[in-house]
Amino acid sequence: MCGIVGMVCAEQVATKLYDSLIQLQHRGQDAAGIITCNERLHFKMGLGLVRDIFEDRHIKRLEGTMGIGHTRYPTSGSKAFVEEVQPLWTSVPNGIAIAHNGNIVNPEVLREEVTVQRKRYLNTSSDSEILLHLFASSLQQYLEADISESMDDEQFFEAAVASVQSLSELVEGSYSVVGLIKDRGLIAFRDPHGIRPLVLGKKTRTGHDEYIIASEDTMFHMLEFEYVRDIAPSEVVMVTKQGHLFSQIFAHASYNPCIFEYVYFARPDAVINNISVYRSRLRMGENLGKRWKEVYKDLRPDVVIPAPSTSNTMALSMAKELNVEYSEGLYKNPFIGRTFIMSDQAERRQSVRYKLAPQRLEIKDKVVLVVDDSIVRGTTSREIVSMVRDYGAKAVWFASACPPVTHPCQYGVDIPTKGELIASSHTIEEIRAYLGVDILFYQETPDLIEAVMRKSVGCIDMPCHACLGGPYVAGYKEVES
Ligand code: SF4
């Protein structure tokens, strides 16, 4: 899981890219980087949080009116090496840099294609570097084949589209990409299934069109960009330095954006795939409440408490549907990172008690229904239940807005190997016993899909839900569990 952003403006972009990465920090906290471009490429990358990597002196050095940025949680490659922090760049042809969100599932085949067939050197184990060189080497071929004195922007864009198309015929997996091509402009493309999000925004100042393309529109308001639309699956977009936009869709496949973006990852104020994340979460809680009423006719908790903070929205609408009290009975310390994207299991378990503090008055002597967005490994949920019991709950029930997560994600989200997923090897009754709850209640998959798609205006065919037992639409790689 990563956050990416690219921008072409009339003025310097470094500060705006920095601000954008701050607004995408929730998508990855392990490393970040920015590359800008004027007569040359300027870059700064580092490990850690955005605010700790970039100082004033770095931002001043990042000159140029176009640039890209990346904030990462590694799903491929090595976490420890700063060489793998994106954006990644290569000098041939032109000077090209990319920032990638997603995961490639056939990297071994592609690695051979790049190093043996195309004779390019790969310096890291990152799948994004493979993507960079596949694109760059194709583009180089198209440029060398052109015999005209100098390509105009339209001809160059055609070469870029052909390069992405040839890349898409080789690559399996998910990729939303923003890139820079020196002396040309910003480029962006999305895989044929549109698995990871990519959103386009625009503003016009003194006759000059400025564009932003990012994983989420969470920074648009702050930077005064207007939401335009999502980049479509199989679409290539290029924005020239002068602010002229070219766009082409080169293929048609089914549109299958990741359902987990709505369950957990995306910020609630984001609109991705033209669907409000916040509203979809409200509908998840509503559907959960409706199903609860069918299954447990007259059984109601005294209070609904969210496992903060993604599930606050879901718990609120579930409480409303059940007509019971909603209480924020677990206080979340905002200065500790989200446990799901901490990659070490022990660190994750320990951090639950550091970051969540129960409120005795909201819990003691009550039948408490805890609502969480999902249960992945089960360790966080178990700690929460134990805390609620310690604070005197009469009974603890637990509802998950996401159905059992039974399969690993291969498309860029840290949903781990099957062996680490509690629902892949345990029955619901066994999970209930492990969590130590009196009732465990899961959302049904059709109800979750309905919650995401209810207000969709017909463009999405079916959200990817491979981790919930649905099809792996963009290829699959056998992994040890
Ligand atoms: Fe998202 Fe799950 Fe599909 Fe991965 S497998 S892209 S987490 S829905």
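**Note on the predicted model**

1. Strands β5 and β6 (residues 96-104) pair in the antiparallel sense over three bridges, where two strands count as paired if DSSP finds at least two bridges between them, and where helices (H or I, at least four residues) and strands (E, at least two) are DSSP runs numbered from the N terminus. Within this pair, Leu88 stands opposite Ile98 in β6.

2. The model is a predicted one, in which local features need pLDDT of at least 70 and side-chain atom pairs count only at pLDDT 80 or more, whereas totals for chains, interfaces and linings use all residues. Residues are numbered from 1 along each chain as its sequence is written, and side-chain values use heavy atoms, with hydrogens and water left out.

3. The β5-β6 pair belongs to an open sheet of six strands, ordered β5-β6-β7-β8-β12-β13, with antiparallel pairing. Its edges are formed by β5 (88-90) and β13 (245-249), each of which pairs on one side only. On average, neighbouring strands of this sheet are turned by 15° against each other, direction ignored; axes here are lines fitted to C-alpha atoms, for helices over the stretch in contact, and angles run from 0 to 180 degrees between N-to-C directions.

4. Helix α6 (residues 153-170) packs on the sheet and touches β7 (173-181), β8 (185-190), β12 (235-240) and β13, contact being defined as heavy atoms within 4.5 Å. The direction of α6 makes about 150° with that of β12.

5. Helix α1 (residues 14-23) is largely enclosed by the rest of the structure, because seven of its ten residues are buried, that is, under 20% relative accessible area, with exposed meaning over 50% and partly exposed lying in between (1.4 Å probe, protein chains only). The buried residues of α1 are Ala14, Lys16, Leu17, Tyr18, Ser20, Leu21 and Gln23.

6. Gln23 is also one of the residues touched by Thr218, together with Leu24, Arg267, Asp269 and Ala270, when residues up to four places away in sequence are not counted. Thr218 sits in the loop between β10 (208-214) and α7 (220-223), and it is buried, with a relative accessible area of 7%. Its C-alpha atom is separated by 29 Å from that of Ala251, which is 33 residues apart from Thr218 along the chain.

7. At the level of the whole protein chain, the domain assignment gives domain 1 (3-253) and domain 2 (276-468), with bounds that come from an automatic or database domain assignment. The C-alpha centres of domain 1 and domain 2 lie 34 Å apart.
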